[in-house]
Each structure stands twice: as structure tokens, then as C-alpha cells.
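Subject: Structure for you to look at

Hello,

Here is the structure I said I would pass on. Please open it alongside these notes, which go through what was found.

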Amino acid sequence: MRKFAYCKVVLATSLIWVLLDMFLLLYFSECNKCDEKKERGLPAGDVLEPVQKPHEGPGEMGKPVVVSKEDQEKMKDFNLMPGEMIALNRSLPDVRLEGCKTKVYADNLPTTSVVIVFHNEAWSTLLRTVHSVINRSPRHMLEEIVLVDDAKLCEKIKSTVHVIRMEQRSGLIRARLKGAAVSKGQVITFLDAHCECTVGWLEPLLARIKRDRKTVVCPIIDVISDDTFEYMAGPMVDSTGSSTFAGILFPKEKWTEGKVMELFL
């Protein structure tokens with residue numbers, strides 16, 4: 001009888017120690033995860049999800065789409081055939097430095113209106129530009145996209161996108177001025193109609209304007225081949241003959257007050 005009571009005490013004590021060990025193990029493993037996230041500059045409660053999932057198909061992850069020479073000879077200006085083969089929301093590689101990928105920006109960055117002027121632009125190329133802006137911009141920072149139709153018919157694409165039509169062919173500068181005049185965002189962003197924005201393109205640009213409202217910023221110019229639509233990352237490169245990720249951001253109040261030139265003095 002005494003042995004049975006002794007065994008019960010030993011078993012109960014062992015069970016308590018097992019439960020205590022499990023509790024400590026779970027507790028410290030969770031703390032390690034929190035510390036790891038803090039070291040990487042991420043909020044402890046957030047879960048880092050992949051920003052985009054690579055798709056399967058022509059041109060995905062920025063790969064080139066090669067067509068035969070016979071088909072190339074039939075094309076004028078942009079190579080329409082590979083452009084039509086590529087999905088409007090194609091995936092692109094994340095070429096940022098590792099330090100940039102984990103950098104956290106404030107949530108209260110200024111909003112921006114993205115102004116895009118087009119005339120005789122390949123429809124698939126223009127739509128891919130719009131999709132990349134919408135898909136890779138934080139929604140609360142993207143006030144709107146203003147498409148300025150420089151005397152070419154166009155339909156409304158999405159609720160975030162506003163289309164303005166020029167009564168006659170006016171040229172790039174006048175069309176951009178028209179788009180800027182109707183923009184509602186705190187920052188005006190001018191983009192080419194044949195570019196594709198990559199992951200994390202907008203936040204660092206707006207952060208610099210928030211730091212100093214006299215700042216005019218420009219992104220690093222990457223290249224999209226006009227033959228194969230291959231995405232080629234790099235620093236400021238010679239973009240002759242290629243469609244570039246060309247853009248510039250202005251503080252809205254400087255534009256509306258007619259003091260844009262002061263930003264360059």
C-alpha cells in the first residue's frame with residue numbers, strides 16, 4: 001500500500017515537470033520568433049507573407065519572350081506579339097537589396113496621384129502598366145491613377161483609374177499638365193505608359209517627400225526590352241531603344257502654387 005502511494009506521488013511529480021517543461025519550451029520559442037522579427041525591422045505581430053506568387057507563362061518573373069524573325073519583321077514600334085502573350089499582372093523578380101526588403105515605412109506617408117499619358121500605346125502594354133501600379137502600391141497611399149488620353153479613344157479600366165481625354169493631340173507635356181491639374185493626391189507621380197512597377201517601388205519615394213516637402217524624387221530606371229519584354233534590373237542605365245521605368249514625383253502644393261522651378265534651385 002505504501003509502495004502504491006509512493007508511485008502515485010512520483011507519477012504526479014513527473015507529470016507536473018513534463019507540463020512545466022512544455023510550457024517553458026513553447027514560451028521561449030515564441031519569444032525567439034518575436035526577437036527575430038524585431039531584429040529584421042518587422043512588427044512582432046505581423047506575419048511576412050510573400051508579396052507576389054510567381055505565375056507560369058510567357059514573360060513571368062521578367063523573362064524574355066522570343067518570337068521568330070518573320071514575326072518580328074511584321075511588327076512596328078513595340079513588338080506587339082510578345083506583349084500580347086504576357087499576362088497583364090505578370091510577376092517580376094524582387095531585385096531590391098536585402099536591407100531594403102526588410103525596411104519598414106510609416107503608415108502615414110502622403111497619398112499620390114499617378115499620372116500616365118498615352119497616345120497610340122499598345123493596349124496590353126498600357127494595361128500592364130496600370131495593373132503593376134495598382135497591384136504593387138499600398139492601397140492607402142494610392143489616391144488614384146489618372147490616364148490622360150492624348151487624342152486616342154480609351155475605356156475606363158478600374159474604379160481607381162480616371163480617364164481624361166484631350167480634345168486634340170497636344171503632346172506629352174501639355175497632357176501631363178492636364179493630368180496634374182485634376183489630380184487629388186498629396187503627391188503627383190508621372191509615369192511612362194510602358195513601364196512596370198516592382199515590389200516596394202512607392203514607399204521609399206513618398207518617404208523622402210514626407211521628410212522634406214521640397215524634395216523631387218525619381219526612381220532607379222530599370223529596362224524592359226522592346227523586343228522581348230525582358231525585365232533587366234540595374235542602376236541608371238542607357239535606356240535608348242528600350243521602355244524604361246521612368247517616373248518623377250512632385251509635392252502637390254508646389255505644383256498647384258506654380259513653384260515647381262523652386263524645387264530645382
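Start with helix H6, which spans residues 172-182 and has Ala175, Arg176, Gly179 and Ala180 as its buried residues. These four lie on the same side of H6, because the arc they cover around the axis is only 140°. On the face turned away from that buried side, the exposed residues are Ile173, Arg174 and Ala181. Bear in mind throughout that this is a predicted model.

Helix H6 is also where Leu177 sits. Leu177 has a relative accessibility of 43%, so it counts as partly exposed, given that buried means under 20% and exposed means over 50%. Together with Leu172 and Ile173, Leu177 makes up a nonpolar patch on the surface. The accessible area of these three residues together is about 280 Å².

Next, the backbone. Most residues other than glycine have a negative phi.

Asn120 is not a glycine, yet its phi is positive, at about 55°. You will find Asn120 in the loop that runs between strand E1 (112-118) and helix H5 (123-135). Its relative accessibility is 58%, and Asn120 therefore counts as exposed.

Phe229 is likewise not a glycine and has a positive phi, in this case about 60°. The loop that holds Phe229 lies between strand E5 (223-225) and strand E6 (231-232). Is Phe229 buried or exposed? Its relative accessible area is 3%, so Phe229 is buried.

Finally, some figures for the chain as a whole. The protein chain contains eight helices and eight strands. It has 265 residues, and 40% of them count as buried. Its accessible surface is about 16,300 Å², and carbon and sulfur atoms account for 58% of that. Among contacts in the chain with a separation of 6 or more, 70% are between residues 24 or more positions apart.

If you want a place to begin on screen, display H6 and colour its buried residues Ala175, Arg176, Gly179 and Ala180.

Regards

Terms used. Residues numbered from 1 in each chain as written. Predicted model: local features only at pLDDT ≥ 70, side-chain atom pairs only at ≥ 80, totals over all residues. Heavy atoms only, no water. Buried < 20%, exposed > 50% of the residue type's maximum accessible area, 1.4 Å probe, protein only. Helix = DSSP H or I, 4+ residues; strand = E, 2+ residues; numbered from the N terminus. Arc of directions from axis to C-beta. Contact = heavy atoms within 4.5 Å. Areas by Shrake-Rupley, 256 points an atom, 1.4 Å probe, with all protein chains shown as cover. Patch = residues over 30% accessible without salt bridge, like charges linked within 9 Å, V, L, I, M, F, W, Y side chains within 5 Å. Salt bridge = Lys/Arg side-chain N within 4 Å of Asp/Glu carboxyl O.
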